[in-house]
Amino acid sequence: MIPASFDYLEASSVDHAIALFAEHGDAKFLAGGHSLVPMMKLRLVSPSVLIDIGRLAELSYIDDRGDHVAVGALTRHRELEDSSLLAEQIGLLAHVAGQVGDPQVRNRGTIGGSLVHGDPAADLPAASLALRASMVITGAAGQRVVPAVDFFVNFLETAVGDGELLTEIRFPKRTGTRWAYQKFNRRAMDYAIVAVAVQLGDNPGIALVNMGPTPHFAVAASAALAAGAPASKIADAVLEGTGAWDDSNATREYREHLARELTTRALAKAGYTS
Amino acid sequence: MSLIGARVLRKEDPNLITGRGQFVDDLAPAGMVVMVFVTSTEPHSRIVGIDTSEALALPGVLAVWTAADLDGLPPLGLPGLGRPLLATDVVRFVGEPVAVVVAEDKYLAADAAGLVLVDYESLPAAASLTAALADGAPALHEVLGGNTVFEQPFDDDLAVEFAAAPHTASLHIVNNRCAAVPIEPNACLADWGPSGLTLWATFQAPHHLRNTVATYFGIPQDTTRVVTPDVGGGFGAKINFVPEYFLACALSRLLARPVKYTQTRSECQLLMYHGRAQEQDVDVAFDGDGKLLALRVRVTQDQGAYPDPTGMGLPVLTTAMSAGCYKIPKVAVSWRNVVTNTTPVAAYRGAGRPEASYLIERIIDIVADQTGVDAVEVRRRNYIPADEFPYATHSPLAVYDSGNFAGAMDELLTLFDYDGLKAEQARRRDDASKKLIGIGFSSWLEIAAFGPPGSLEAFGHLASWESVQIRVQPDGSAIIYTGASPHGQGTVTTFAQIAAGELGIPFEKISVRHGDTATIPQGIGTMGSRATAVGGEGVRTASVRVVERAKAIAAHLLEANPSDIVLEGDGFAVNGTPSRTVPWSEVAWKSFRPLEIPPETEPGSLDITVFQQVPNFSFPSGAYCCTVEIDRGTGEIEITGMYLVDDCGTVINPLLAEGQVHGGVAQGIAQALYEGITYDSNGLPQNSTLMDYLIPAASDLPDYTCGRTNTPTPNNTLGAKGIGESGSVGAPPAVVNAVVDALSHLGVKHLDMPITPIAVWNVLKGAQ
Ligand SMILES: Cc1cc2nc3c(=O)[nH]c(=O)nc-3n(C[C@H](O)[C@H](O)[C@H](O)COP(=O)(O)OP(=O)(O)OC[C@H]3O[C@@H](n4cnc5c(N)ncnc54)[C@H](O)[C@@H]3O)c2cc1C
């Protein structure tokens, strides 16, 4: 419960943060600290240096950019939850942010931290997938934009390389604004045992939480949804490509059942009719 | 004016909610160093070697001890089965301290602990009762010749009664192992200097600890001081003598520095003694009308790796209370205590009684199910009638003082529409689109007021009374010193309430102090729902004696006869002559001045100490109902109603009594639906952090609808029974009965706790 010793540095800008990382090597960026610090306390990770990006105001914003809404990586879950712009344009994101942990967690945790941590059990990665967001990654060599489906590479591993920062997440606006999020857990404050995010409208998407080693975009089910298939067919397709496992909360069989059941419920809640 | 029954706000809270409480970890005397454990990662292994050299070489590390350094520090607990302060030759559970490190600060200490290398040679482990009792099971303690520490066989196993009975049923129950999870994990700070030893500890019974520590080290009690500052919850898990207290003292003596130990949350889950961990085999005989004819209970108590004196007593309490609220012609009990490669087991809120209420209340529902008689009606047909108290049970320990079980059930049924809900339940069963409804009852009863002579001595305490000293100050305010050592109960408030009415001194001018053996008369402590029923009675007794003495002084000052003096307004008056008065402040002031008191009176006489005894336990009781809805698609259980009728006799402060019920019920719901420490077959704990040991939060708990009946105890003049453990006794059977009821049409008779969504879904899936 006590982390190994480390040095603490505060970054004053995105460029400064990237430069500090280049200088120190064995470092980690610290955003809200709500995933990183627990891992350090359990000594699962022991970086020699923490580079605090938590006060970079330049990375905290929710902007209307015409065809999309741009969210700065340092935006707190609570700010997403309370944003009227998001409520109007990207309702799924605002709602899902409100389902993360408890108010203390939402006041500290950032969308960038949640996405880069890449926990398959986390809520915001699935929302980003269902919303077909794209991620702006900034490094010493400049910026690149990676679509959400290519972002989550492996268990707790994303397209963000060592020393790179996720700086912005872009959420395309769409004609349809109907969506639903079904999160199943045993306690209100917990990570999901399974959750399903559904976004209807043009270019719809379905994504699953905790159904494999990474946040999971349900390719077949999303295609079926785009094709207007019956809800039961979409629910049947939702398990394609998943890799659920057994743990103390659930068996694989139960998770798969939940994924189908929650997909059916999410489609109904979103008002989907084929 | 009496404040008994008043909803007074807690005197304790302003400090606590402004962050001004003081807990052990807040203390940091000059020169303090920090102690941490190296704990076993193995459930059962021989220690081949421990290499402490790297840790010792770290700058800032002052000492690293292993079992080899324990010369003169004997094991704790039962002779022959004692627990060494550090695992000696063999480790017997994951989390058992193997070495102890002291360093200048906690970060260094943590780093150094990581550098201690322990070489283990695995032994086969027995991490469950089944494994420990199997033929050829690995033996934990060679002296035992098996793993059973003690066995109490049936006197008469009622074979004749069962053979003749028209109906019988049997049930095997697993009462899940729970962690107490106080908000403050274990902590202590030992400072052994030339003038003596002071030990600050988060503990429920400071004098008990002081006396034990002094005896252990062979030092006098007068220079040994234990202080329990603010204590962040105990739930029974802070009355056990665990190695950290003794090691901190020994290391402080060695290093001549104050030594602090503060458990981390994850250590707390593994090191702090667990509760429950019981299996029961229950048989019941009954007639076609649901009248109980005979009950046979066999309890197997998991003691964990080292039997603790309190843990050994748990099945005694369970078997004493097995018949619950019911008049059962024949009851037979038997129990055994068994060691396993797990964390030791001792008291946890209710300690043995929740296990009893759970078994009998589950059995009642099984009788209802089998006879087709309504669950409430089965209870009514078997209640001990209200006019049969005191009621002698099958156990000499349990002579029920008073109760009105049917009255509590009547009150409960006014809190919600039982018939309407039953009709809705039937409708829902036929409509697959709707959630299932379940209704579960418990008519429970428990033992409180641990206080009759002999009751606590059996657990190693000095005696079973509680101490109270009242000292009136020269300005007419009063300080109450008590050996009851609260850790969240609100005793500072309730004792002041009791005293205010008796003394005629305003509540605001009464302070209650506790938790320091240097200033408090020898006391016992807070456990077994005893503080109010024993200590509170002591407050009343002492107050009456103080007033008697004060009246003598007032009579002298008013030139009247003491028997004519009455308490009135802010002091004393001559009965019938309201103009002749003297305020408390004047009586108090003059009580210290030899020239102003009656010649036969000594100065400072308004100082009374009592060691309050009570003749019997009290038996709080009540009737609870839980209603649930079950999601057919996911197995999710939602508690939709929690109706709670408590009878603890006289209520001193309804706000605090309800607080105790709310907290106890929360822990009861937790046991029923969320919590349960599990080990895999190799003895590795499966949920030893709060990430996977799920304690429900406020957002997961329902609103409670509280009712009350009042059957005073004859054992004290207050009529108060104790309410600290009631909720955790009454809630689990109500919740489980509700879930089983919701699924009963699918043939479900029983589900073990915690009942999780997946367990429910497995039932629903099987039914499709
Ligand atoms: C009690 C509790 C309950 C929780 N419950 C939930 C829940 O129900 N659902 C859920 O989804 N999450 C939950 N979380 C996690 C929470 O949402 C975290 O806030 C989030 O996962 C990480 O965000 P952070 O800002 O705290 O990141 P940090 O912990 O600061 O960082 C996480 C990782 O991302 C890296 N990083 C952070 N920001 C950037 C960036 N801009 N560029 C590059 N790398 C970066 C860090 O170096 C680190 O490796 C919970 C956390 C706690 C403590």
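These legends go with a set of close-up views of a predicted model.

**View 1. Helices α10(B) and α18(B) run roughly parallel to each other.**
Here we're looking at α10 (residues 353-371) and α18 (residues 726-743), both of chain B, whose axes come within 8 Å and cross at roughly 30 degrees. An angle under 35 degrees counts as roughly parallel, so that's the label α10(B) and α18(B) get. As for handedness, α10(B) passes α18(B) in a right-handed crossing. On the α10(B) side, the contact is made by R353(B), P354(B), S357(B), Y358(B), E361(B), R362(B) and D365(B). Facing them from α18(B) are S728(B), V729(B), P732(B), P733(B), V736(B), N737(B) and V740(B). Sorted by type, the residues of this contact between α10(B) and α18(B) come out as 7 nonpolar, 3 polar and 4 charged.

**View 2. Helices α11(B) and α12(B) are roughly antiparallel.**
This time the pair is α11 (residues 375-382) and α12 (residues 405-413) of chain B, with axes that come within 10 Å and cross at roughly 155 degrees. Angles over 145 degrees count as roughly antiparallel, and α11(B) and α12(B) therefore fall in that class. The crossing of α11(B) and α12(B) is left-handed. From α11(B), look for V376(B), R379(B) and R380(B); from α12(B), look for A406(B), M409(B), D410(B) and L413(B). That contact of α11(B) with α12(B) splits into 4 nonpolar and 3 charged residues, with no polar ones.

**View 3. Y216(B) and F246(B) make a tilted aromatic pair.**
Over all chains, the structure holds 26 aromatic pairs. In the one shown here, the rings of Y216(B) and F246(B) sit 4.7 Å apart, centre to centre, with 50 degrees between the planes. Y216(B) belongs to helix α6 (residues 206-217) of chain B and F246(B) to helix α7 (residues 243-255) of chain B, so the pair ties together parts that are 30 residues apart in sequence. Both Y216(B) and F246(B) are buried. Widen the view and you'll find Y216(B) and F246(B) in one aromatic cluster along with W192(B), F203(B), F217(B), F241(B) and Y245(B).

**View 4. Y418(B) and F441(B) pair edge-to-face.**
The ring centres of Y418(B) and F441(B) are 5.0 Å apart, and the planes are at 85 degrees to each other. This pair links distant parts of the chain, 23 residues apart: Y418(B) is in helix α13 (residues 418-429) of chain B, and F441(B) is in strand β18 (residues 436-445) of chain B. Y418(B) counts as buried because its relative accessibility is 12%. F441(B) is buried too, at 2% relative accessibility.

**View 5. Helix α16(B) and its buried residues.**
In α16 (residues 584-591) of chain B, the buried residues are W584(B), V587(B), A588(B), K590(B) and S591(B). What do the buried residues of α16(B) pack against? Their partners in chain B include the helices α14 (491-503) and α15 (531-558). The strands β19 (466-472), β22 (565-568), β23 (571-574) and β24 (577-583) of chain B are packed against as well.

Setting aside residues up to four places away in sequence, D52(A) touches Y8(A), L9(A), E10(A), A11(A), L30(A) and A31(A). For scale, P38(A) is 14 residues from D52(A) in sequence and 16 Å from D52(A) in space, C-alpha to C-alpha.

**View 6. Two cis peptide bonds in chain B.**
One of them joins F389(B) and P390(B), with omega at about -5 degrees. P390(B) lies in the loop between α11 and β16 (391-392) of chain B. Another joins M753(B) and P754(B), where omega is about -10 degrees. P754(B) sits in the loop between α18 and α19 (757-767) of chain B.

**View 7. Positive phi at A256(B) and at S529(B).**
A256(B) isn't a glycine, yet its phi is near 55 degrees. The loop between α7 and β12 (259-262) of chain B is where A256(B) is found. S529(B), also not a glycine, has a positive phi of about 45 degrees and lies in the loop between β21 (510-514) and α15 of chain B. Which of these residues is buried and which is exposed? S529(B) is buried, with a relative accessible area of 12%, whereas A256(B) is exposed at 63%.

Notes: Residues numbered from 1 in each chain as written. Chains lettered and ligands numbered in written order. Predicted model: local features only at pLDDT ≥ 70, side-chain atom pairs only at ≥ 80, totals over all residues. Heavy atoms only, no water. Axes fitted to C-alpha atoms, helices over the stretch in contact; angles between N-to-C directions. Helix = DSSP H or I, 4+ residues; strand = E, 2+ residues; numbered from the N terminus. Parallel < 35°, antiparallel > 145°, perpendicular 65-115°, else oblique. Left-handed = near helix turned anticlockwise from the far one by under 90°. Contact = heavy atoms within 4.5 Å. Nonpolar A, V, L, I, M, F, W, Y, C, P; charged D, E, K, R; others polar. Phe/Tyr/Trp six-rings, centres within 6.5 Å; stacked < 30°, edge-to-face > 60°. Buried < 20%, exposed > 50% of the residue type's maximum accessible area, 1.4 Å probe, protein only.
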